[in-house]
Amino acid sequence: MKPPPFEYSAPGSVDDALALLDDEAKVLAGGQSLVPLLNFRLARPGLLVDINGVSELAYLRRAGGALHIGALTRQATLERSRLVQEHWPLLAHAVRMVGHPQIRNRGTVGGSVAHADPTAELPVALSAVDARFHARSRRGARTLAAGELFLGPLTTALAAEELLVEIEVPPQPAGAGSAFVEHARTHGDFAIAGAAAVFAPGSHAAIALLGAGPVPVRATEAERALVGGASAPVAAGLAAALVQDEHRAALTGELVRRAIERARP
Ligand SMILES: Cc1cc2nc3c(=O)[nH]c(=O)nc-3n(C[C@H](O)[C@H](O)[C@H](O)COP(=O)(O)OP(=O)(O)OC[C@H]3O[C@@H](n4cnc5c(N)ncnc54)[C@H](O)[C@@H]3O)c2cc1C
């Protein structure tokens, strides 16, 4: 199908993009999710604000120990970054599971976050590493945690006139290991279930689940148990209890157990 008619604008700066955003407009980043939605006429924006020329939004850098990811950073750039592989390996693992290389070459980190697909890898991985999401609008700036940003399937707290500009990831806790494990029907498909774990025995545990609900779900009880010395199967059982569907719960439990084992430093 062809998309419905729309106006098109390609601003060159964040300020120019913000000046264009309103209820009728939609941001176009990598287009890997938005273009299919337009073609199926599931989205009918009056104006597409193409941010591909906003080069100030395409960066990956470490500052003050944290990783700063510009919203327009391609998923493939995150995947290939030595900095990310070395210091934030969970993100490097997770992004490799996003679709196929062609998708990751175009798809952006910010687009994946703003699209908020409940089975997308990056929102789950970013939730596990306690990322902060920086948004701007003409009226100002604000910062949200994953629990505040992701509201439901394909729904975030971002207002129509807001642009996600940066994702900030704190340093991985000292002595921690991490792992991202998922189950998909075929390689490159969206996953059915998955688990991200960051684990430093005795001091830190973060477990985020994919496919356990409409948004990334943090298994806080399992995290507390793990820090308290519980075994991986016990923590996995606590995480699986968060999942309603019986088959998916069993799958989630197994994936969490594997994620904890692999994350163990
Ligand atoms: C065949 C196929 C397989 C795929 N498989 C997977 C997979 O296994 N796992 C996975 O996670 N994803 C998968 N994807 C989706 C892919 O990761 C997309 O790249 C991603 O969901 C959207 O990123 P984008 O840059 O293409 O955003 P776009 O498609 O351009 O935009 C997506 C949405 O986000 C909004 N948006 C984009 N950037 C911003 C911003 N900076 N601020 C505010 N709003 C913004 C847009 O308005 C739109 O609503 C797949 C896609 C395809 C086509």
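At roughly what angle do the axes of helix α5 and α8 cross, and within what distance do they come?

1. The axes of helix α5 (residues 89-96) and α8 come within 9 Å and cross at roughly 165°, where axes are lines fitted to C-alpha atoms, for helices over the stretch in contact, and angles run from 0 to 180 degrees between N-to-C directions. That makes α5 roughly antiparallel to α8, since angles under 35 degrees count as roughly parallel, over 145 as roughly antiparallel, 65 to 115 as roughly perpendicular and the rest as oblique. Helices (H or I, at least four residues) and strands (E, at least two) are DSSP runs, numbered from the N terminus.

2. On the basis of the model: this is a predicted model, in which local features need pLDDT of at least 70 and side-chain atom pairs count only at pLDDT 80 or more, whereas totals for chains, interfaces and linings use all residues. Residues are numbered from 1 along each chain as its sequence is written, and side-chain values use heavy atoms, with hydrogens and water left out.

3. α5 passes α8 in a right-handed crossing (left-handed if the near helix is turned anticlockwise from the far one by less than a right angle, right-handed if clockwise). Leu90, Leu91, Ala94 and Val95 of α5 make the contact with Glu121, Leu122, Ala125, Leu126 and Ala128 of α8, contact meaning heavy atoms within 4.5 Å. By class, this contact of α5 with α8 has eight nonpolar, no polar and one charged residues; Ala, Val, Leu, Ile, Met, Phe, Trp, Tyr, Cys and Pro count as nonpolar, Asp, Glu, Lys and Arg as charged, and the others, Gly among them, as polar.

4. Helix α10 (residues 220-227) and helix α11 (residues 232-240) have axes that come within 8 Å and cross at roughly 165°, and α10 and α11 are therefore roughly antiparallel to each other. Their crossing is right-handed, with Glu221, Ala222, Ala225 and Leu226 in α10 meeting Ala235, Leu238 and Ala239 in α11.

5. α11 also packs with helix α12 (residues 246-263), at an angle of about 140° and with their axes 8 Å apart, and α11 and α12 are therefore oblique to each other. The residues of the contact of α11 with α12 divide into nine nonpolar, one polar and two charged.

6. The largest pocket holds about 1200 Å³ of space (on a 1 Å grid over the protein atoms alone, a pocket is an open set of points where a 1.4 Å probe fits, with protein on both sides within 12 Å along at least five of seven lines, and lining residues have an atom within 4 Å of a point; grid points are joined across faces, edges and corners, and a volume is the space filled by probe spheres set on the points). Its lining comprises 48 residues, of which Ser33, Leu34, Gly111, Ala114 and His115 lie nearest the centre, and α7 gives the most to this lining, with five residues.
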